[in-house]
Amino acid sequence: MSALPAAAPAPDLLEVQGLVKHFPIRRGLLMRVAGHVRAVDGVSFRVGAGETLGLVGESGCGKTTVGRTLLRLIDPTAGAALFEGRDLFTLPPAQMREARRALQIIFQDPYSSLNPRRTVAQTVGEALATHGIARGSELRDRVEKVIVQVGLQPLHMDRYPHEFSGGQRQRIGIARALALGPRFIVCDEAVSALDVSIQAQIINLLEELQAELGLSYLFIAHGLGVVRHISKRVAVMYLGRIVEEAETEELFRNPLHPYTRALLSAIPGGRRKGAARTRIVLPGDVPSPIHPPPGCHFHPRCAYARAECRAGPYPETVTLRGSSHRAACHFVTEDGGSPVLGDPPPG
């Protein structure tokens with residue numbers, strides 16, 4: 001029996017090309033620029049319609065900056081973000097205001113992201129009123145509908161954030177993001193501040209809303225364990241750059257970059273079948289984004305680093321032949337060659 005053909009990839013809703021965000025460091029009496037924090041240093045990816053892309057990496061790698069820059073909460077230094085064919089970074093204020101109805105964000109802390117002086121109805125309804133979409137009783141009806149949609153009750157509408165649990169507050173944050181009928185949502189560590197059992201509930205809710213409304217997510221998280229359950233594809237970031245990207249199960253089955261392998265070794269069940277179950281402990285800390293290491297930024301912590309990794313240009317991103325799996329490593333070849341296919345060398 002012949003194998004079924006692979007499903008066609010979802011059409012791109014968002015395509016990010018060479019995104020760069022450098023924050024200036026100002027010093028002295030005249031506050032002159034003395035350097036830059038290279039928070040995001042040339043990131044490219046796509047998100048299909050109705051798809052979830054997981055973006056993972058250690059704290060400080062630039063994940064949150066990517067999400068906030070895409071929404072123009074932070075202005076980019078360079079690059080393009082094509083949303084339904086329009087570059088968000090070049091839109092004038094009036095058009096960007098209109099585009100924001102389709103672009104929303106769910107913040108990490110479900111308490112500090114809510115105004116303690118506003119009721120749930122005021123919080124969720126604010127965007128509807130600001131954009132002139134609904135007023136009066138119609139506004140309240142729309143708020144009630146979205147509140148119920150995220151698993152809360154109409155009686156919750158006139159309560160304040162301090163009257164809710166952490167999971168309920170995050171549902172309020174999700175309701176706020178849904179109010180304008182978006183097509184793309186940045187989930188910025190949306191479950192990391194919650195208990196494990198509540199994390200599962202919120203992830204299930206996000207998946208249900210995606211199936212019902214056709215939403216696309218950029219799901220930002222620290223580790224690969226959470227994103228495996230919600231993401232179709234995963235991109236791994238390290239020090240402002242994407243070092244590997246692949247379909248979720250392909251990434252777990254065949255990690256190509258040494259950094260990805262180290263992340264996988266840290267989660268239960270994250271190691272490849274038949275691979276050594278030794279926890280890979282990376283030496284040292286993430287280097288400073290002010291003065292990133294020359295060559296491959298990962299080389300100070302990599303057991304496989306050699307001369308070309310320590311000097312010269314940053315390694316080119318190689319895409320495996322006949323696949324969307326790609327990685328930025330001198331060891332990776334188009335036929336899938338990589339040092340992480342075996343155990344790390346001793347010492």
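This is a predicted model: local features need pLDDT of at least 70, side-chain atom pairs count only at pLDDT 80 or more; totals for chains, interfaces and linings use all residues.

**Salt bridges**

I searched the whole structure and got 17 salt bridges. Residues are numbered from 1 along each chain as its sequence is written, and side-chain values use heavy atoms, with hydrogens and water left out.

I looked at Asp188 first, and its salt bridge partner is Arg68, with the closest N and O atoms 3.8 Å apart. Asp188 sits in strand β7 (residues 184–188) and Arg68 in helix α1 (residues 63–70), so this pair ties together parts that are 120 residues apart in sequence. I wrote down how such elements are named: helices (H or I, at least four residues) and strands (E, at least two) are DSSP runs, numbered from the N terminus.

Is Asp188 buried or exposed? It counts as buried, at 2% relative accessibility, while Arg68 counts as partly exposed at 29%. The cut-offs are under 20% relative accessible area for buried, over 50% for exposed and in between for partly exposed (1.4 Å probe, protein chains only).

Next I checked Arg183 and Glu84, whose side chains meet in a salt bridge at 2.8 Å, N to O. Arg183 is in the loop between α5 (166–178) and β7, and Glu84 is in the loop between β4 (78–83) and β5 (86–87), so the pair ties together parts that are 99 residues apart in sequence. Arg183 is partly exposed at 37%, and Glu84 is partly exposed at 44%.

I also found a network: salt bridges with shared partners join Asp12, Arg46, Glu51, Lys232, Arg233, Glu245 and Arg326.

**Rings**

I counted 4 aromatic pairs. Rings of Phe, Tyr and Trp (its six-membered ring) pair if their centres lie within 6.5 Å; planes under 30 degrees apart count as stacked, over 60 as edge-to-face and the rest as tilted. Tyr238, Tyr259 and Phe298 make up one aromatic cluster.

Then I looked for charges over rings, meaning NZ of Lys or CZ of Arg within 6 Å of the ring centre and within 35 degrees of the ring normal. Lys21 lies over the face of Phe23, 4.9 Å from the ring centre. Arg241 does this with Tyr314, at 4.1 Å.

**Helix α4**

Which residues of α4 are buried? I noted Leu139, Val143, Val146 and Ile147. Looking down the axis of α4, I see them within an arc of 105 degrees (taken from the directions from the helix axis to the C-beta atoms), so they line one face of the helix.

The buried residues of α4 pack against α3 (120–130) and α5, where contact means heavy atoms within 4.5 Å. After α4 comes Gly151, with a positive phi near 95 degrees.

**His325**

Last stop: His325, in the loop between β11 (317–319) and β12 (326–328). I have it down as buried, at 1% relative accessibility. Leaving out residues up to four places away in sequence, His325 touches several residues, including Glu244, Glu245, Asn254 and Val318.

How values were computed
A salt bridge is a side-chain nitrogen of Lys or Arg within 4 Å of a carboxyl oxygen of Asp or Glu.
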